[in-house]
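The entries below follow the order in which I looked.

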Amino acid sequence: MSKILKINDLEKTYTSGSKNLTVISNISFEVEQGSIFSIVGPSGSGKTTLLGLCAGLDYPTSGTVELCGTALQDLNEDKRAELRNKEVGFIFQNFQLLPTLTALENVIVPLELQGEKNATKIGTELLTKVGLQDRLYHYPSQLSGGEQQRVALARAFSNKPSILFADEPTGNLDEETGEKVIQLLFELNKEAGTTLVIITHDLDLANRTQQILRLKGGKIIANEKLVSEHEQ
Amino acid sequence: MSNRKINLPWLLKMAWRDGKASISRLMLFMASIILGIAAVVSIQLFSANLKDNIKKQSKSLMGADFIIDSRNKPSKKVQAIIDSLQPAANEVNFVSMAAFPKNDGTKLVKVRAIKGNFPFYGKLATAPLTAAAQYQKKGGALVDATLLLQYNLKPGDSIKLGKVIFPITGSLKSIPGTTAISSSIAPTVLIPYRFLEQTQLIQLGSRKEYQYFFKAPNMDLEVLDQKIDPILDDNNADLDTHTSTSRRLGRRYDNVGRFLNLVAFIALLLGCVGIASSVHIYIKEKLKNVAVLKCLGVSRKQSFLIYLLQIIGIGLVGGIIGAGIGTALQFAFPYILQDFLPFDVVVSITLQPIFMGIVLGIFMSVLFALLPLLGTWYVSPLEVLRTSEENAQKPRKARIFTLLAIVLFVFLFSFWMLKSAVNGFAFTIGIVITFAIMAGVSSLFMKLIKKWFPTNWSFTKRQSILNLYRPNNQTMVLVLAIGLGTFLISTLYFTKDILLAKTSLENKKNDANIILMDVQSQQETALLQSFKSKGLEVIDNIPIITMRMHSIRGKSVNDIRKDTTIQMRKWMLNREFRVTYRDVLSDTEELMSGNWTGTVEKGKPISISVADNVARDANLKVGDEIVFNIQGVLMKTIVGSIRKVDWGSMKVNFSIVFPKGVLENAPKFNVITTYVANKESSAVLQRDLVQNFPSVTILDLRQVFTIVEDIIDKVSWIINFMAFFSIITGLIVLIGSVRNSKYQRIKESVLLRTLGAKSKQIYQITAYEYIFLGLLGSFIGILLSLVSSQLLAVFLFKEPFVPSIIPFLVLVPGITFLVFIIGLSNLNTVLKSPPLEVLRKEM
C-alpha cells in the first residue's frame, strides 16, 4: 500500500524570551493510504502540535512532512491551503463551525471553494446522512454539541478528502453522543475510503484503529500496528 | 501566491452570509459612515448650489450689468466717464431719520433716491405688485415691508423724509442685492430722485453714496474693468461689474463655507474613528473564523477579500444612504439661511457630490478598516488548534504603509474641503499629533498603573484596573475613540464659540444709548439747548472732521497706489477718514506704543494717534509722517502713538485721533450722545429731533441691541444646527465603539459569573473600567481641543478665543457617564441569562 503521510525526523521548538521549549523531537512515521491511524498520549505530550505539522497548519523547526505525495516545506501558505482544500478534511474537539453560517453553508464551503456546482445538493445529502436533514438552516448556536460535531463530520467529508485529521473528536461530547459520532465517523470513512488520523487520549477509541502512535514528552514511545474491527 | 482564480461570486456570497449574521454589530459602523457622508454631501451640494445660483443670478443680484459708485459727488474726470458710458439709472443713498405722521413714529432708514428704471435685471418685489412701476410716476415712496408692519403702516399712509412728506406707494419686499439682515438696522426706503434736493438731507459730512447703473449686456466687462477702474480708483470712485460682484459675494460666504466644511470634515473624521474602532473589534472577533476558513482551504487573499467585500458593501450602502440624507438635507439650507442670502436659492441636484459621497463612503470604510483587516491576511490556520497572540501580529511594513495611506487620505480630503494645501497640511499634522498624543498617553497610563498597581484596593477595583492593561485590554482603542470623539466635539463647540463671540450687549445704566450723528455746527447750540430743556445730560459731544491721506512718509498716495512693490493694504488710500480731536484716551482704547499727546504745543509737530489696524494695514510706525488733505488744506502730522481700539464696543470709536489745538477751526460736524431712560422717552425725543433737526441722524442703541441680538440668535441657530450634526455623529461613534467592546469582556464576565461572582461585583468591575476609560479619554480630548481651537482661532478664523468652561463641565462628565451607561448595558445579557447560554449565543 502507498504512504499518504510521511514524517521524517520532525522537531518543533518554541522560543519564549531567551528560553527554548522543544515540544516534539525525533518524530518519524508513515501512514498508509486508507488506513485508520491514531496518535495517543497524555496532555502536553505534543499530540496537537504534531497534528498541526502533519496537516500543514504549522511549520516545523526541522524535519520534513510529505502529505499526499507533496513535500509541505516546499509550499507557501496559499499552496498549503489549496492542498488542504483538495486533499484534507478536519474534525476538531470544539467543532470549529463558522458561527455566522448555517449548518448547510458550513458544509458546502469546501465544495464551493472547489467550484462544485452541485454544492447545495451534496451538502444536503451529507447532512441527511448524518441525520440533520431538519437542521439545514440552523446556526451552530442553535444546535447541540453532538449535532454540531455531526455538521463538522459532514463538512469534513464534503470535499472527498484523501486524509482526514480528527483532533479529539469526542472530547467535548458525553459518552453516548461521542460513541454515536465515532460510529458515524467510521461509517463515512469506510464509505469514502479516506485515510483517518485520530488524535485522542481515549485508549478504547485508539484500540479500534489499525495503528497507534504513542507519544510522551514530545517523543514517540511506541508505534504499534493493530488488527482493527474494520479489518476483521 | 495561489494560482487559483478569484471566484468573485463565491466571495460575495461568503461576505453576505457572514455579514448578515453580524448585521447588528455592523449597523453602528454603518451609522458612522451615513452621518459622515450625509454631512459632506449636503454641504458640498449646497456650496455648489450657492455658487451656481450666485453665478446664474449675478445680473439680478446687482440689478445692472455694472455700477460706478463714489462716496462723493463724482469729479469732472469721473463724470466724463459716466456720461460717455450713458447710465440708464442712478441713485444717491444715505442713512437718515424717517418720521411717520400717522402715529408719530420715527426710524433710522436707508434712503435710496433713484432716477431711471432701476433695476434692469431682477425685480423690485412690492405689494401691491404695481407699486414698483408707479412710485416714480406718482412721486411716492416704497418702504421696507417689515418696517411697515412694525409701525402699523400701509400703502396710502405717508412717510416724512427731511422736509418732504411722501405718500407710501407700496411695501418693498426685496430689492436686488440686499439681505434681510443687512437692511434690519436701517430698512430701505426708495424715493424718486427728483425729490432729493427738497428733502434737504444732503449736508456737509453726511455719509452718502452716488451710484450710476449701466445696462450693457454686450459689453466686455473685463476690458472695461481694466480700462477704467484704475482711473476711477485715482478719483475715489469704483467700478463694480455683475461678474466681480458675484465673485465678491461668493467670497463673502467663504467663512460660512469654511465653517460648514469644518463641520463636514469633523463629522467625516468622527465617522472614520467609528469605522476604525468598530472594525478593529469586529475583525478581532472574526480571526478565529478566518483560521477555520484557512483550514478548509481558503487562501489568504480569499479570506482577506471576503471581509474586504463586506466592508466595501457596508461603505457602499452607508455611502448611498448618507448621500440620500445629504441630498434631502440640503433642501433645508435655503430655509435655514434665507435671512443671510440676498437671493432665493434654487436647489438643484448635481451628481458630482453624490457620486463623491458614495465613493468616499467606500474609500474611507476600506482605508480605516485596512489596518484591522490586515489581520485576516496574517492569521495562521493553527489558531484553530490554539490561540497565539504572536500569530495575529501584522508585519511592520504593511502597517506603516496603511498608516501612511490614512495620513495621505486625511490630507487630500482636508485639502479638498478647505481648498488650501497649507490649511489641509496643518489639519493633517494636527490630527496626527492628536492621535499620537492620545496613543502615547494611553500607553503611558497602562505602564503607570502596571508599575504602581494599587494592591490594597478591593477585589472589584483591582479587577477593573487589571482590565486596563492585561492582554486583550481595550484601553488604547477606547481612549482613542473616546478621546478623538471628545476632541472633535469640543473643538467644534469652541469653534462655535469663536464664531459667535460677541460684545456684551448689556446696556449699562447711564451709558449713552442715543447717538446723534451729522449734527452741523449751526445746529449744535440749538440742539444742546433742547437737551437741557428736557433734562437730558450730554454724555459726549464729539467733533468730527473729514479728511483724506495726501502722503505717507513723503510719498503721495497716488504714487503709492501705482507702486506695486509697496506692501500695504491700499483701502485707506481712497478712504475719507472721520477724525476727532481730544486730549485723553477713551475707555475703549489702550496705548500700544509711542506717547499720547493731548494738546499740541506751538511750534511742535502735530502728533496724532493711529488705531492698530490702520497702522498694521498701512505699515505705519511711531514717528512716520502723514500729510492729510483737510478739505483742500494740507496738514503735516507725525504718528505719535498707536492705540488698540475695542471696535466691538458700542461706542463712537476713531481710527485717527488728533490732539487738541489743531482742528478746532476746521469745518466740522458733531456726534452727540445721551442717555434716555426708556423707550417712550426715546420715541418722544426722536420725534422732536426729526421735527426740528431733520438732517440729524439718530441711532437708538436700544433698538440696535434688539436687532443685533436677533441676528446673533439666528446665526447661533444655524451654527448650532450644523454643530449638532457632528456632535450626533460623535455620540453614535462613541456608542458604537463602547457597544462593540462588549464582545471583549463578555467571556471574562461569564467566567467570573461561573466562578460565583455576584451581579454587583461584575457591575462594579465593569463600571470602574469604563469610568476610568471615559474620564481619561474625554479629559485628554478636551485638553487637546483647547490647543486646536486656539490654533483655529489664530490661523483660520482670525478671531480671539476665550475658552468656555462648559465643555469641561458638560462633556467630561457627560461622555464619561455615556461610556459608563453603555458599558453597563453591555452586561445585561451576561447577567440575566445562564453562563452557557450566553457563551453559545454571543461567542
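Before the first entry I noted the convention for handedness: a crossing counts as right-handed if the near helix is turned clockwise from the far one by less than a right angle, and as left-handed if it is turned anticlockwise. I also kept in mind that this is a predicted model.

Entry on chain B. I looked up helix α2 (residues 23–56) of chain B against helix α11 (residues 300–329) of chain B, and found that they pack at an angle of about 40°, with their axes 7 Å apart. α2(B) and α11(B) are therefore oblique to each other, and α2(B) passes α11(B) in a right-handed crossing. I sorted the residues of this contact of α2(B) with α11(B) by class and got 17 nonpolar, eight polar and no charged.

Entry on chain A. Here I looked up helix α4 (residues 119–129) and helix α5 (residues 145–158) of chain A, whose axes lie 9 Å apart at an angle of about 135°; α4(A) and α5(A) are therefore oblique to each other. The crossing of α4(A) past α5(A) is right-handed. On the α4(A) side I listed I122(A), G123(A), L126(A) and L127(A), which meet A154(A), F157(A) and S158(A) in α5(A). By class, that contact has five nonpolar, two polar and no charged residues.

Entry on the two chains. The contact takes 26 residues from chain A and 25 residues from chain B. On the side of chain A that touches chain B, α1 (47–54), α2 (77–87) and α3 (103–113) of chain A each supply at least two residues, and the largest share, seven residues, comes from α2(A). I noted that this side of chain A divides into ten nonpolar, seven polar and nine charged residues.

Technical notes
Residues are numbered from 1 along each chain as its sequence is written. Chains are lettered from A and ligands numbered from 1 in the order in which they are written. This is a predicted model: local features need pLDDT of at least 70, side-chain atom pairs count only at pLDDT 80 or more; totals for chains, interfaces and linings use all residues. Axes are lines fitted to C-alpha atoms, for helices over the stretch in contact, and angles run from 0 to 180 degrees between N-to-C directions. Helices (H or I, at least four residues) and strands (E, at least two) are DSSP runs, numbered from the N terminus. Angles under 35 degrees count as roughly parallel, over 145 as roughly antiparallel, 65 to 115 as roughly perpendicular and the rest as oblique. Two residues are in contact if their C-beta atoms, placed from the backbone, lie within 7 Å. Ala, Val, Leu, Ile, Met, Phe, Trp, Tyr, Cys and Pro count as nonpolar, Asp, Glu, Lys and Arg as charged, and the others, Gly among them, as polar.
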